[in-house]
Amino acid sequence: GGTTAQAHGRLSFKPLVHIGPMGTLVLAVVLDLGTHGAFLFGYAKPMPLNYSMLRDPKRNVKWIAMSGPAVNLLMGFAWLLLSIALVALAVEEPFFAKMARAGVVTNLAMFAFHLLPLPPLAGGQILLSLLPHAQAYKFAKIVPYCFFILIGLALFQLLHYWFIPVLTLGGYVFQLLASHFFMLFR
């Protein structure tokens, strides 16, 4: 119900209002160079949030932060359902199967990225909302350095220690769910 995003002109389909030079451009170049093209990623400017508009900021921020990863799971699952439907309908064109697989993998990767425990990413916001006030206050002091921490993790190729377990778990959950939907088409 807040109007902060609207007041900042962020409720728009125009891509230029969402581009942040560090997250959209610099991060993509650093990750491309640091991973030798194996992982390319960038992000839009974070949506502004006015904490004073929330009734219980510590509790509500957790739910707001979970919305991004939840949407990635839903979109990934939708792509998974499309891939099941393609198999069930015996669609032989490989482009559609590759597109559906890319949709699943991309959304699982975005899910894992969102959940990195670094503020202002969703995982960091969730962690801040769960910590007692004193520890949350201390942890929040790293916010100005998180972009550089993320770049350092990428350059030293340490992100896979987070991504591999999260992607494996997400893939397992998707497989489990897919088996139930696949039985519907038999």
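Visitor: How many aromatic pairs does this structure have?

Guide: In this predicted model, the count comes to 3 aromatic pairs. One of them joins phenylalanine 147 and phenylalanine 148.

Visitor: What makes phenylalanine 147 and phenylalanine 148 an aromatic pair?

Guide: Their ring centres are 5.7 Å apart. Rings of this kind pair if their centres lie within 6.5 Å, so phenylalanine 147 and phenylalanine 148 qualify.

Visitor: And why is that pair called edge-to-face?

Guide: Look at the planes of the two rings: the angle between them is 85°. Planes over 60 degrees apart count as edge-to-face, and therefore this pair gets that name.

Visitor: Let me step back to the whole chain. Which elements does the protein chain have?

Guide: The protein chain has 8 helices and 0 strands. Read from the N terminus on, its elements run α-α-α-α-α-α-α-α. The C-alpha atoms fill a box of roughly 55 × 40 × 35 Å along the principal axes, and 32% of the 186 residues count as buried.

Visitor: Now for some helix pairs. Why are H3 and H4 called roughly antiparallel?

Guide: Helix H3 covers residues 57–88 and helix H4 covers residues 94–114. They pack at an angle of about 160°, and their axes are 8 Å apart. Angles over 145 degrees count as roughly antiparallel, so H3 and H4 are roughly antiparallel to each other. The crossing of H3 past H4 is left-handed. Residues making the contact include Gly68, Leu73 and Trp79 of H3, and Phe96, Gly103 and Leu108 of H4. Sorted by class, this contact has 15 nonpolar, 7 polar and no charged residues.

Visitor: How do you know that leucine 108 is buried?

Guide: Leucine 108, which has its place in helix H4, has a relative accessibility of 9%. That value is under the 20% limit, so leucine 108 counts as buried. Setting aside neighbours within four places in sequence, leucine 108 is in contact with Leu73, Leu167, Gly170, Gly171 and Phe174. Between the C-alpha atoms of leucine 108 and lysine 14, which are 94 residues apart along the chain, the separation is 25 Å.

Visitor: What makes H3 roughly antiparallel to H5?

Guide: H3 and H5 pack at an angle of about 155°, with 8 Å between their axes. The limit for roughly antiparallel is over 145 degrees, and therefore H3 is roughly antiparallel to H5. Here too, H3 passes H5 in a left-handed crossing. In this contact Lys58, Val61, Lys62, Ala65, Met66 and Pro69 of H3 meet Ala122, Gln125, Ile126, Leu128, Ser129 and Leu130 of H5. By class there are 8 nonpolar, 2 polar and 2 charged residues.

Visitor: Why is H5 described as largely enclosed by the rest of the structure?

Guide: Because 7 of the 9 residues of H5 are buried. These are Ala122, Gly123, Gly124, Gln125, Ile126, Leu128 and Ser129. The buried residues of H5 pack against H3, H4 and helix H6, residues 133–140.

Visitor: How do you know that proline 119 is buried?

Guide: Proline 119 sits in the loop between H4 and H5. Its relative accessible area is 1%. Buried means under 20%, so proline 119 is buried. Not counting residues up to four places away in sequence, proline 119 touches Gly124, Gln125, Leu128, Phe139, Ile142, Val143 and Cys146. Proline 119 and arginine 59 are 60 residues apart in sequence, and their C-alpha atoms are 16 Å apart in space.

Visitor: And what about asparagine 60: why is it called buried?

Guide: Asparagine 60 lies in helix H3 and has a relative accessible area of 18%. The limit is under 20%, so asparagine 60 is buried. Leaving aside neighbours within four places in sequence, asparagine 60 is in contact with Leu54 and Arg55.

Technical notes
Residues are numbered from 1 along each chain as its sequence is written. This is a predicted model: local features need pLDDT of at least 70, side-chain atom pairs count only at pLDDT 80 or more; totals for chains, interfaces and linings use all residues. Side-chain values use heavy atoms; hydrogens and water are left out. Axes are lines fitted to C-alpha atoms, for helices over the stretch in contact, and angles run from 0 to 180 degrees between N-to-C directions. Helices (H or I, at least four residues) and strands (E, at least two) are DSSP runs, numbered from the N terminus. Angles under 35 degrees count as roughly parallel, over 145 as roughly antiparallel, 65 to 115 as roughly perpendicular and the rest as oblique. A crossing is left-handed if the near helix is turned anticlockwise from the far one by less than a right angle, and right-handed if clockwise. Contact means heavy atoms within 4.5 Å. Ala, Val, Leu, Ile, Met, Phe, Trp, Tyr, Cys and Pro count as nonpolar, Asp, Glu, Lys and Arg as charged, and the others, Gly among them, as polar. Rings of Phe, Tyr and Trp (its six-membered ring) pair if their centres lie within 6.5 Å; planes under 30 degrees apart count as stacked, over 60 as edge-to-face and the rest as tilted. Buried means under 20% relative accessible area, exposed over 50%, partly exposed in between (1.4 Å probe, protein chains only).
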